[in-house]
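I opened my notebook on this one with a simple plan: go through the sheets, then the ligand site. Here is what I looked up.

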Amino acid sequence: MTPILPGATIGILGNGQLGRMTTQAAIRMGYNVACYGPDIAPTPCGQAGAREVQGGYDDLAALAAFAQSVDVMTFEFENVSTAATEVASEHIPVHPDGAVLHTTQDRIREKAALVDAGIPVAGYTVVHQASDLAGAAYPGILKTAQSGYDGKGQRLVHNAAEAADTFTAFGGVPCVLEALVPFLWEGSVVGARNAAGDVALYPLVQNIHTNHILDTTLVPAPLASTELQASAAALAERILDSLDVIGVMCIEMFITDDGIIVNELAPRPHNSGHWTIEGAVTSQFEQHVRAVCGLPLGSTELRAPAAAMANLLGDCWPDPDFVGALADPRVNLHLYGKQTARIGRKMGHLTAVGATVRDASDAVTAARSRLKSTH
Ligand code: AMP
């Protein structure tokens with residue numbers, strides 16, 4: 001592909017924190033950014049310097065007009081219709097392309113693509129109607145095929161009757177019933193691939209969730225052997241290649257006694273890659289810009305032996321103690337500029353790099369406790 005050079009305008013669908021940090025990286029590199037989404041300005045992305053266009057993801061005429069005002073289009077919100085990506089790609093390159101989005105926005109299609117690529121996934125049953133639940137193995141996790149995130153649209157079910165009730169409660173939409181994976185810990189690999197087929201991967205990291213929301217990321221995953229790091233990288237590279245991804249993708253994994261099981265894919269920068277801003281030579285956001293603009297990928301090497309990231313949720317508001325949090329000079333603060341704090345809403349994060357994972361993780365968790373201490 002002909003590189004899209006600094007000075008050009010990158011269009012981002014979506015205008016939240018992932019768009020904001022992509023905008024920050026892109027502007028630093030000399031690009032202009034425009035973001036498109038339904039939210040009222042000033043959005044997290046717009047505040048960072050992106051031109052804001054307000055519009056619905058299903059307003060094809062507005063999307064076509066937006067596409068004509070930019071040089072390349074990418075996403076921070078991936079649940080857009082095929083019609084929307086098609087309309088945009090009539091005018092400009094769209095990365096990752098609509099096919100990648102189509103696959104990853106539906107658990108049934110995503111799992112089929114992973115199985116086709118020879119990637120280990122949890123055993124699962126596709127559920128279109130309640131009778132599909134009868135012969136399945138229990139316990140399992142019933143997940144809606146689409147629109148689930150941060151634990152929404154999924155529930156642990158112990159038998160077919162409970163699964164049927166849950167399926168009804170989910171509105172009878174297509175689901176997958178997944179076998180419960182006895183994982184030791186959860187991790188992810190964030191990686192990027194460009195149009196030349198070059199792949200650059202960050203190391204396997206450990207992700208600790210609270211109430212289904214990412215709480216802390218530890219870098220590199222402290223329990224990962226060299227062999228596990230290598231097999232996680234091999235799986236990630238195979239996924240990026242087989243889906244022909246252009247851009248950054250996050251591959252979430254369960255680590256079990258028997259190896260790695262891939263849980264799900266996100267075709268964009270990911271919360272478990274936020275540590276790369278301070279912790280790696282090239283951040284995931286700069287990497288995404290490089291990949292979608294057809295530039296060489298940057299080094300994913302760590303700037304320090306270890307790093308950690310702790311999310312700041314709306315639970316820390318209304319009076320976060322930023323002065324207290326930043327009393328440790330190793331801690332970096334990121335806030336997303338969201339106008340209203342709600343319980344569970346991602347408002348920002350803290351990062352620290354250090355000599356050991358323990359050092360870095362103690363630094364961010366202690367800083368977060370101080371930030372919350374007024375509650
Ligand atoms: P997901 O939305 O698929 O990422 O799932 C959210 C969280 O639920 C995961 O991070 C796991 O902690 C848990 N979970 C999801 N699927 C499974 C599974 N098949 N077995 C065990 N835990 C799961």
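**Entry 1: the parallel sheet.** I began with an open sheet of four strands, ordered β3-β2-β1-β4 with parallel pairing. At its edges I found β3 (51–54) and β4 (72–75), each with a single partner strand, so one side of each is left without a neighbour in the sheet. Neighbouring strands here are turned by 25° against each other on average, direction ignored. For such angles I used axes fitted to C-alpha atoms (for helices, over the stretch in contact), with angles running from 0 to 180 degrees between N-to-C directions.

My strands are DSSP runs of E with at least two residues, numbered from the N terminus, and two strands pair if DSSP finds at least two bridges between them. I then looked up β2 (residues 32–37), which is joined to β3 by four bridges, the two running parallel. G37 stands opposite Q54 in β3.

**Entry 2: ground rules.** A note to myself: this is a predicted model, so I ask for pLDDT of at least 70 for local features and 80 or more for side-chain atom pairs, while totals for chains, interfaces and linings use all residues. Residues are numbered from 1 along each chain as its sequence is written, and side-chain values use heavy atoms, with hydrogens and water left out.

**Entry 3: the antiparallel sheet.** I found another open sheet of four strands, with the order β5-β8-β6-β7 and antiparallel pairing. Its edge strands are β5 (124–127) and β7 (154–157), each pairing on one side only. The twist averages 20° from one strand to the next. Between β5 and β8 I noted four bridges, and Y124 has E178 in β8 as its bridge partner.

A polar side-chain atom of K143 lies 2.7 Å from a ligand oxygen. A backbone N or O atom of A179 is 2.9 Å from a ligand nitrogen, and a side-chain N or O atom of N263 is 3.0 Å from a ligand oxygen. The protein covers 91% of the 470 Å² of accessible area that the ligand has on its own (Shrake-Rupley, 1.4 Å probe).

Note on methods: A polar contact is a pair of N or O atoms within 3.5 Å; within protein, one must be able to donate a hydrogen and the other to accept it, and residues adjacent in sequence count only if both atoms are side-chain atoms.
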